[in-house]
Amino acid sequence: MTSISLQLVGLTLVASLSRTQGADPSAIKECTEQGKCYWKGECKTPGRGRVWQSENECAEMWCHAYKFQKYLAIRVSRFYGCRYKGQCKQKGEEWEEEGCVKKQCRIRGTRGYERIITVSQLGCRDSSGRCHFPGEPWEENCIKYQCVNKRNSTSVQGIYDVMDIGCPHEGGCLKAGQVIPDPQSKCITKRCVTAKENGGIFRTMETDDIKCEDANGLCHDESETGWPLYIDGTVYNNCHCKIVRTQDGSVSIQKGCS
C-alpha cells in the first residue's frame with residue numbers, strides 16, 4: 001500500500017511541474033503544437049526511450065505522448081536519488097552531518113518510488129568531542145574504545161564498547177599482563193592487571209615476582225640460602241630471606257643470617 005501511494009504522488013507531482021515552471025504559456029503551446037513536452041526551456045520528444053535526468057527531482061523523466069488537460073504529460077521513468085537540502089543524494093550515498101550522525105539515501109522498487117533518508121550510523125564522542133563512527137576505534141588514557149550501533153525496528157543507538165585496557169606507565173601504556181621491573185627495587189617485577197567489573201574499569205600494577213637482593217646486587221629466590229648481605233655495615237655470608245604476603249595484597253621481605 002505504501003509503494004502504491006508513493007507512486008501516485010510521484011506521477012501527480014511531475015505532471016504538475018510542466019505547468020508550474022514559470023514558463024510563458026506560449027512556449028508550452030509551441031512545444032505542444034510540435035507534439036512535444038515542454039521542460040525547462042526545451043521541447044522534449046515523446047517516447048520512453050528518450051529519457052532525461054532532472055536533478056531537482058532526482059528522477060529520470062520522459063514525455064508521454066497523449067493529451068492531458070490539453071498538455072502532453074511528463075512522466076517519471078524512475079527516481080535515482082533522494083532530494084535533500086538542495087542536493088540530489090544518489091541511491092546508497094552516505095554522508096556525515098553535525099550531531100555525530102551519518103545519513104543515507106535508500107531507494108526501493110524498480111522505479112524507486114519508495115525513497116527514504118535514514119540514519120545509517122551514529123557515532124560516539126571522545127573526551128575531546130571528536131566523533132568516532134563504528135569501525136573507527138580510538139584510545140584514551142590507555143583504554144581502547146569502539147562505537148557500536150545497536151538497532152531495533154524503529155531506532156539506532158550508539159554505544160561505547162571497551163576493546164582493550166592497559167596501564168599508564170611513565171607517559172606510555174602497558175598492555176594487560178605486561179611485566180616490568182619495579183623502579184624502586186631491581187629484584188621485584190610488576191604486572192599490569194586489568195578487568196571490567198560491574199560496568200566499570202579496574203586496573204592496577206600488582207607485584208608479579210619478588211626476590212631478595214644480596215650485598216653484590218644479585219637477586220635470590222626465597223628458597224636460596226648462603227648468600228652475602230650487608231647488615232649495619234657488616235657483611236654476613238650465610239643469609240636467607242622470607243617473602244611475607246598478607247591478605248590485603250601487600251608484600252614484605254624478611255632477611256636474616258645465621
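What is the mean pLDDT of the chain, and what share of its residues reach 70 or more? This is a predicted model, so let me start there. The mean is 84, and 89% of the residues reach 70 or more. Over residues 1-21 the pLDDT is below 50. Beyond near neighbours in sequence, that stretch still has 26 contacts in the model.

Next, helix H2, residues 25-33. Which of its residues are buried? Ile28, Cys31 and Thr32. Look down the axis of H2: these buried residues fall within an arc of 100 degrees, so they line one face of the helix. The general rule is that an α-helix has 3.6 residues a turn, so residues three or four places apart point the same way. On the other side of H2, Lys29 and Glu33 are exposed. Just after the helix comes Gly35, with a positive phi of about 75 degrees.

On to Lys40. Where does Lys40 sit? In the loop between strand E1, 37-39, and strand E2, 42-44. Lys40 has a relative accessible area of 40%, so it counts as partly exposed. Ser54 is 14 residues from Lys40 in sequence. In space, the two are 10.0 Å apart, C-alpha to C-alpha.

Strand E22 covers residues 227-231, and strand E23 covers 234-245. How do they run, parallel or antiparallel? Antiparallel, with four bridges joining them.

Notes
Residues are numbered from 1 along each chain as its sequence is written. This is a predicted model: local features need pLDDT of at least 70, side-chain atom pairs count only at pLDDT 80 or more; totals for chains, interfaces and linings use all residues. Side-chain values use heavy atoms; hydrogens and water are left out. Buried means under 20% relative accessible area, exposed over 50%, partly exposed in between (1.4 Å probe, protein chains only). Helices (H or I, at least four residues) and strands (E, at least two) are DSSP runs, numbered from the N terminus. The arc is that of the directions from the helix axis to the C-beta atoms. pLDDT is the predictor's confidence in each residue, from 0 to 100. Contact means heavy atoms within 4.5 Å. Two strands pair if DSSP finds at least two bridges between them.
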